[in-house]
Amino acid sequence: MLPAIVLSTGTAALGVIQSLGRRGVPVVGLYQDESEPGRSSRYLVEAIRAPHPDREEPALLALLHELAPRLAGAVLLPCADGFLGVLGRHRELLSQTYRVACPEPEIVRAVLEKSLTYEVAQKAGIPAPRTLLLESDEQAMREGRRVTYPCLVKPVTGHGYARQFHKKMVLATGLEELMVAWREADAAGYPMMLQEFIPGPDGNGVNYNSYFWEGEPLVEFTARKIRGAPPRIGSPRVVLSQHVPEVIEPGRRLLRTLGYSGFSCTEFKWDARDASYKLMEVNGRHNMSSKLAARCGIDFPWLEYQHRATGQLPAAHDFEEGVYWIDIARDVSTTLLHWRSERYRPSEILAPYLHPHVFAALDRDDLRPWLTRMRAAVGQLGGRMQRVLPHKAH
């Protein structure tokens, strides 16, 4: 079988690594940090520390060139936005040696730069939160006096910002908070947007996962976000497989307007104010809960590998509903830190664990990623508790 090179060994990549490795695909993982759980998976034939895709792009391309003689024809699968950007920008060059699992450069740019994503949504007639690109301190101050709070101060391209500031965005509750967030990001060189915040619980978020080819949705899967970390503005920590027909048509329309081909995860959020699902973003690589669709009968990593390696197009089929994906480390730590504000009943907290489920990292057939993840989580929880919990008076 042709090898696969999985770019990143984080949570999203772990599901890809395990899916392909269990089917006998030789999987090589490129990692950035020792704490990435997939780096220690038994299903990797090799783990290689890679140059950073944002800061060391030429060195990363040199590494892929160096690997080419022994991995020629391998399927390149990006599982983090930074790697996706590099593959998109150099798709033509890399395709001379590898089978590159990403769309054309302009499409990659349109999904990575959220301001462009919203322009495509507007063109396609798909509802989205009101969004404004911030270009100066004066404009940020002026718009901050007009906006309805809370609002989001959000990076145009999220992965670099999240790596540096350890958050995806800022939920500003007033002008001072907005300006602090804008100035902090602007000083670091990150273009930012001011965006309307859509109220409602985490459970209003929905994923539309699909494999598109030549304008047609070959395979589709929908899931509901149950809990996020941090609450209201974070990435999922618990997700539930569920048929949500309302997002299928707008998801298809958006991807057709983009001209998208391949796997993607399109995120929506229900806005009760006008009874519509609003577009949040499009992920042009495998998402954090990639193991959920596979557990429910739609193994996107394997379908994509087969297509890229052999030309076999995926065929549509149903998926199992009512299955949870749980990131235990983030669910437990976030529940402990935010139990007062979230106010979940014990039955709500426990429900995902008592129903059919799959864990993000815990797998009795591949335990080392879980141990790696827990070591990192313990350190992160200690740091977060020091920042969040009030200090005792001396």
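A charge sits over a ring if NZ of Lys or CZ of Arg is within 6 Å of the ring centre and within 35 degrees of the ring normal.

**View 1. Arg-227 and the ring of Tyr-344 in the predicted model.**

**View 2. Arg-39 over the ring of Tyr-31.** Here the charged end of Arg-39 sits over the ring of Tyr-31, and 5.5 Å separates this charged end from the ring centre.

**View 3. The aromatic pair of Phe-263 and Phe-300.** The count of aromatic pairs in the model comes to 9. In the pair of Phe-263 and Phe-300 the ring centres are 4.9 Å apart and the planes stand at 55°, so the pair is tilted. Because Phe-263 belongs to strand S13 (residues 262-271) and Phe-300 to helix H12 (residues 300-310), the pair ties together parts that are 37 residues apart in sequence. Phe-263 is buried, with a relative accessible area of 3%, and Phe-300 also counts as buried, at 3% relative accessibility.

**View 4. The tilted pair of Tyr-353 and Phe-359.** The rings of Tyr-353 and Phe-359 form an aromatic pair with 6.3 Å from centre to centre and 40° between the planes. Tyr-353 is partly exposed, with a relative accessible area of 24%, whereas Phe-359 is buried, with a relative accessible area of 16%.

**View 5. A cluster of Tyr-161, Phe-165 and Tyr-190.**

Note on methods
Residues are numbered from 1 along each chain as its sequence is written. This is a predicted model: local features need pLDDT of at least 70, side-chain atom pairs count only at pLDDT 80 or more; totals for chains, interfaces and linings use all residues. Side-chain values use heavy atoms; hydrogens and water are left out. Rings of Phe, Tyr and Trp (its six-membered ring) pair if their centres lie within 6.5 Å; planes under 30 degrees apart count as stacked, over 60 as edge-to-face and the rest as tilted. Helices (H or I, at least four residues) and strands (E, at least two) are DSSP runs, numbered from the N terminus. Buried means under 20% relative accessible area, exposed over 50%, partly exposed in between (1.4 Å probe, protein chains only).
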